[in-house]
Amino acid sequence: MTPIVTGDVVGQRATVTPETDPNTQWWWDALARGEFRVPHCTSCDGSFFPPMPACPHCGSTAVDHRRSTGDGTIYSWITVHLAQDPAFVDETPYTVVAVHLPEGARLFGRIAEGKLADGMPVRAVPYQVGGTTLLGFERI
Amino acid sequence: MITTAPARRPAYAGRAAATGVGYTDFTAPGGRSVLDLALEASRSALADAGLTPADVDGICSFGLFNDSVACQAVATGLGCDDLSYVLDLNNGGSQPAFALLNAAMAVASGMANTVIVYRALNGRSGKKVGSTRFEAPSSQFRYPIGLSAYPQYIALWARRFMIETGATEEDLAAVVLAQREYSALNERAVRRDPMTLEQYFSRGYVVEPFRTVDCTVEVDAAVAVVVTSTERARDLAVPPAVIEGGAWVTGRGSGLDVADLHNWPDFSRNCQHLLAPRLWASAGIGPAEVDVAEIYDCFSPAVLYGLEALGFVERGGAAEFVRSGQTSLTGALPTNTHGGLLNEGYVHGMNTVTEAVLQAQGRGGARQVPRARVVVATSGVLVDGSAIVFRNGES
């Protein structure tokens, strides 16, 4: 399979490690363990992203999180030809997808080069860059 | 759906007006401080109206990522007497119309008599909003994957707009070409060369589907406008552009910060779709009564979104409207008569609003729309935004 990130990336990414916060640390920790989890509201049963202290659908603070298969569909995508951040210059062109999960949340991640289409099925796949685990997607 | 749109017109409607406007050079080599730029534009706007700093009792401005200077600095540099109203806003391009509405509210409520509204930044040589990294709750889900700049965020929206409406890259080109016809008439504009379709497609991608010319051009500049009572404005050196109404919206799904794209339900409809009913209700008019539209266009598809959102065209009809010349000087709805932010330069839409003021005043020069009485200007193209309606005060 084509790797999600190609090019000389190790060592350039010190400036782009995720700046986690108390709302999100658990999500990154789970991803690093290889677990893909989605924030969930026990009041309205809605799912959402990013992790936050209250549900954006109903305002309830009764929020937890649930394991997800990470299966979703492509909502939009871009291919970056001119990197705005110098850390990504050696990776261009690269593609970022917006993915809708059936649970009801949208996430963004890198995907390997190749044809894309509206509604194409993809799956979340954690990948490593310079010791940091990030969220990517692969076609299924 | 909007459930809180006012059924009646707001208290400021018709009672406050934009008067003098001031600009710095947009193409100067740079090297000046933001305060220096802000003061030049502010002094120029006052002089345009026949006013002096002694007449000013309010100042309102907005910045983004600390790229501006505080209103108190401008008050100090102008040598103003005590001010009774000062408002430092944040959040960039969603703000210009909203800033003028706040000034109008201050005037109509009696809190101030004469308010300068300015935007100043070294957007080319200083902090470039297009690529500035900033700390925000959603940044951790963007920067590490190389989703790091506004051209990229809005390209994600544009792709969805193309999926939903059938719009093509030729449709984006139509916007760029139409607005180059205007910028050729605008000595202030940075990009003034006419452009053919072939030339458009010869430009490289920044981020698909955007080429360089689909993106605004960043400048070191300041723009200012003076807001006072309609009654007082009638006695000043330039005709009043009466503020007839306006609207702000933070929609459901706005997210956690200005670049959070996770929760907005539909990338093919932006904040302007949500605020349109509120905007028209506030001004007591509908889109059919508008003579000129100045639509915030940090990127080319924003014009297509805006034409649809405000009800000037049906869903999916914006590109054909542009291509058929309806947004040109002789078309049904002259649009972005300064050449847009795409060509004039990026003062975060403050120059979109001041172009609307000039058109409503009949001071658009070679690009003046004949018999322009009602002019609308929008601010913002993502999740939060504002808009304002001006009417020629002599009519």
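At what angle do helix H1 and helix H2 of chain B pack, and how far apart are their axes?

**View 1. Packing of helices H1 and H2 in chain B of the predicted model.** Helix H1 (residues 34–49) and helix H2 (residues 71–78) of chain B pack at an angle of about 65°, their axes being 10 Å apart, and the crossing of H1(B) and H2(B) is right-handed. On the H1(B) side the contact is made by Leu35(B), Ala38(B), Leu39(B), Ser42(B) and Arg43(B), while H2(B) contributes Ala73(B), Val74(B), Gly77(B) and Leu78(B). Sorted by class, the residues of this contact between H1(B) and H2(B) comprise six nonpolar, two polar and one charged.

View 2. Leaving aside residues up to four places away in sequence, Val303(B) touches Val175(B), Ile295(B), Asp297(B), Thr335(B) and Asn336(B). A separation of 9.0 Å is found between the C-alpha atoms of Val303(B) and Ala319(B), which are 16 residues apart along the chain.

**View 3. The contact between chain A and chain B.** The contact takes 34 residues from chain A and 31 residues from chain B. Strands E3 (71–80), E4 (94–101), E5 (105–111) and E7 (132–139) of chain A are the elements that each give two or more residues to the side of chain A that touches chain B, with the largest share, six residues, coming from E3(A). That side of chain A has 18 nonpolar, nine polar and seven charged residues.

**View 4. Pairing of strand E3(A) with strand E5(B) across the two chains.** E3(A) and strand E5 (residues 205–208) of chain B run antiparallel and are joined by two bridges, and Val80(A) stands opposite Val207(B) in E5(B).

How values were computed
Residues numbered from 1 in each chain as written. Chains lettered and ligands numbered in written order. Predicted model: local features only at pLDDT ≥ 70, side-chain atom pairs only at ≥ 80, totals over all residues. Contact = placed C-beta atoms within 7 Å. Axes fitted to C-alpha atoms, helices over the stretch in contact; angles between N-to-C directions. Helix = DSSP H or I, 4+ residues; strand = E, 2+ residues; numbered from the N terminus. Left-handed = near helix turned anticlockwise from the far one by under 90°. Nonpolar A, V, L, I, M, F, W, Y, C, P; charged D, E, K, R; others polar. Pairing = 2+ DSSP bridges.
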